[in-house]
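Below is a short briefing on selected sites in one protein model. The points are grouped by topic.

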Amino acid sequence: MYYDPAETLSREDISRLQLSRLRTTCERAARSRLYARKFAEHGLRPEDVRTLDDLRRIPFTTKQDLRESYPDGLNAVPQEKMVRLHVSSGTTGTPTVVYHTAGDICWWSSLVARCMHMTGMRPGDVFQNTTSYGLFTGGLGMHYGAERLGCLAIPMGAGNTQRQLKLIQDFKVTALHIIPSYALYIANFCALNGIDPKSLGVRIALVGAEPYSEQTRSRLEGIFGFKAFNSYGLSEMNGPGVAFECQEQSGMHLWEDAYLAEVIDPQTLEPVKPGEVGELVLTTLCREGMPILRYRTRDLTRFLPGPCACGREHVRLDRITGRSDDLIIIKGVNIYPMQIEQVLMALPEVGQNYLIELYREGPIDQIRVKVEIKEEFFVEDMRALNALRQKIANKLRDEILVTPKVDLVEHNALPKSEGKAQRVVDMREAE
Ligand code: ADP
Ligand code: ZN
């Protein structure tokens, strides 16, 4: 039933293991330039970390620290010991680099294999990776995990939907790694080309790398007939394999033998109350090449309370609402793009793509949502279209508390990307 004995650790075992690994991690980290300096500034020595509570004495690490340490200021072992590096995709600015030793790659692969096994993938499954390879960690990260588990792995990479579908059909692919926006795009592509997505026979989809709602998951499962498992990771913490859904599909187990997680209030930097939403902060516990302490992910989530029916005691993360920098403020109201997605994906008339635009009308910030409408609803009757537009605007207002302008658009009218989707365009500065 379990791939790795670590999955069965009790809370007590987890704490004991975390403390010993945290101490080793601090010793290793102190060999890097960044942490040597940070420790000195805080008058902290690695041996001062004696209990898990001492974690709070360790300074945070930010994306800015990583950027300033470019290219190797966090390395804790000589470069000759490193076997790979990844550079983050830079969705939100200057990229950062993460180095791995052979041991790190081995750990990472086994964590990903553990995640895959937990969803029900087994040796004999044929796994197609539809995300880009290269520097994006979802490529090689998932690939190594699938091979480690003993699956046949197809390194298809991103884009070229026709070819993706041909390989899925020809090699009877049973499991996919896919970004949610691309899964929606394939759904569209199948509809336009008369392919029944269920006939593809895919059983399991590992869906992650960008935020998506429960409504999108249901939509994808309904269209493709697979089970979609939420997959969370970030380059700084290797990439995929940090937290993953089990077959209960209710929150993602974060592997606490490999990562130490905190949820903090991003303003006060204090831990939030149990079960409250805040910023996820992660510490690597097994990495030797480039350990990272108390990394502020900027991802917003919460620990789900109570035990999971699967029996694993590793803490569960709620769906990531978005990054703290995704927050849109319009007319004094805080809005996350995820709230808009959630409303749209629950509406049967709405197609598989949308775009949020922020613009200025005189001194006032406005929000416009461009919504793709399914072909069968795109009738010529203006009255019907206006009514639909009004319905969507009302539903959105109920959720986000401001009334957006809604534009209905046809299939393929909105930009699409091969990697993570760009859902928000901010035109306020330009105007
Ligand atoms: P970049 O930060 O340049 O996008 P990464 O590939 O490291 O580079 O992206 C990691 C980020 O992707 C995470 O910090 C998070 O914001 C987002 N992410 C990854 N998986 C998920 C998921 N399952 N749900 C929501 N967001 C996710
Ligand atoms: Zn579980």
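The side chain of Arg-219 comes within 3.0 Å of the backbone oxygen of Val-350, a polar contact (a pair of N or O atoms within 3.5 Å; within protein, one must be able to donate a hydrogen and the other to accept it, and residues adjacent in sequence count only if both atoms are side-chain atoms). This is a predicted model in which local features need pLDDT of at least 70 and side-chain atom pairs count only at pLDDT 80 or more, while totals for chains, interfaces and linings use all residues. Residues are numbered from 1 along each chain as its sequence is written, chains are lettered from A and ligands numbered from 1 in the order in which they are written, and side-chain values use heavy atoms, with hydrogens and water left out.

**Arg-219**

- Arg-219 sits in helix α8 (residues 214-224); helices (H or I, at least four residues) and strands (E, at least two) are DSSP runs, numbered from the N terminus.
- The side chain of Arg-219 also reaches the backbone oxygen of Met-345, at 3.2 Å.
- Arg-219 is buried but has no salt bridge, and Glu-372, the nearest side chain of opposite charge, is 7.4 Å away.
- Buried means under 20% relative accessible area, exposed over 50%, and partly exposed in between (1.4 Å probe, protein chains only).
- A salt bridge needs a side-chain nitrogen of Lys or Arg within 4 Å of a carboxyl oxygen of Asp or Glu; for charge, Lys and Arg count as positive and Asp and Glu as negative, and His and the chain ends are not counted.
- Beyond its neighbours within four places in sequence, Arg-219 has contacts (heavy atoms within 4.5 Å) that include Leu-184, Leu-344, Leu-347 and Lys-374.

- His-253 and Cys-308 are both buried.

**Gln-247**

- Gln-247 is in the loop between β8 (239-245) and β9, and is partly exposed at 45% relative accessibility.
- The side chain of Gln-247 reaches the backbone oxygen of Met-118 at 3.4 Å, and a polar atom of that side chain lies 3.4 Å from the backbone oxygen of Thr-119.
- Leaving aside neighbours within four places in sequence, other residues in contact with Gln-247 include Gly-120, Lys-227 and Phe-229.

**Backbone geometry**

- Tyr-70 and Pro-71 are joined by a cis peptide bond with omega of about 5°, and Pro-71 is in the loop between α3 (63-68) and β1 (82-87).
- Asn-160, a residue other than glycine, has a positive phi near 55°; Asn-160 lies in the loop between β4 (152-154) and α6 (161-170) and is partly exposed, with a relative accessible area of 45%.
- Arg-294, also a residue other than glycine, has a positive phi near 45°; Arg-294 is in the loop between β11 (278-284) and β12 and is buried, with a relative accessible area of 4%.
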